[in-house]
Amino acid sequence: MPENDEQLTLEWIPGTYAITRFAEDADIPPWALDSHQLMTVTRTRDALSILAPEKEVPFNVKAERGFVALRILERLDFNLFGIVAKLTRALADAEIPILAVSTYDTDIILFRKEHRAGAVEALSTVADVSRLK
């Protein structure tokens, strides 16, 4: 488990991803219930959003497609602070828009696949990117 000032190790999560939007009262579609890859389902009072492997999302679903994902390899303690800020600051400085997702164990950063090379370069200043080559 890293301390706040230790360098993080990043690795790719295979595949490409899409983020979808449904009405706030929509049912979770069956295609979003059986993936064993990266997937999130988030409901707010305004919308139901699903992040899923792009190949699982039907073409008639409103979605932003073409995202790649990387994760922090180390398991992160809930008492740590500034971890996502450190990564997103490097990407913001490189003008790379992102989506961020947190799990119980780690944080995941997604960005469009056309920003892949620039993101690796930007992140190399704050993290170990050797697994991203």
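Q: In which strand is L70 found?
A: L70 is found in strand 4, which spans residues 63-72; strands (E, at least two residues) and helices (H or I, at least four) are DSSP runs numbered from the N terminus. This is a predicted model, in which local features need pLDDT of at least 70 and side-chain atom pairs count only at pLDDT 80 or more, whereas totals for chains, interfaces and linings use all residues. Residues are numbered from 1 along each chain as its sequence is written, and side-chain values use heavy atoms, with hydrogens and water left out.

Q: Why is L70 called buried?
A: The relative accessible area of L70 is 1%, and buried means under 20%, with exposed over 50% and partly exposed in between (1.4 Å probe, protein chains only); L70 therefore counts as buried.

Q: Which residues does L70 touch, not counting residues up to four places away in sequence?
A: With contact taken as heavy atoms within 4.5 Å, L70 touches residues including L10, W12, I109, F111 and L123. W12 is 58 residues apart from L70 along the chain, yet their C-alpha atoms are separated by 4.2 Å.

Q: What makes strand 4 and strand 6 a pair?
A: Two strands pair if DSSP finds at least two bridges between them; strand 4 and strand 6 have 5 bridges, in the antiparallel sense, among them the one between L70 and I109. Strand 5 (residues 99-102) also pairs with strand 6 in the antiparallel sense, over 4 bridges, and a hairpin of 4 residues joins strand 5 to strand 6.

Q: Why is strand 6 described as mostly covered?
A: In strand 6 (residues 107-112), 5 of the 6 residues are buried.

Q: Which residues have the most contacts inside the largest nonpolar core?
A: A nonpolar core is a set of buried Ala, Val, Leu, Ile, Met, Phe, Trp, Tyr and Cys residues joined through side-chain atoms within 4.5 Å; in the largest one, of 21 residues, those with the most contacts are L10, L70, L87, F111 and L123. Strand 1, strand 4, helix 1, strand 6 and helix 2 each supply at least two residues of this core. A second, separate core of 11 residues includes A18, W31, I50 and V61.

Q: Why is I28 called partly exposed?
A: The relative accessibility of I28 is 33%, and I28 therefore counts as partly exposed. I28 lies in the loop between strand 1 (8-23) and strand 2 (40-43).
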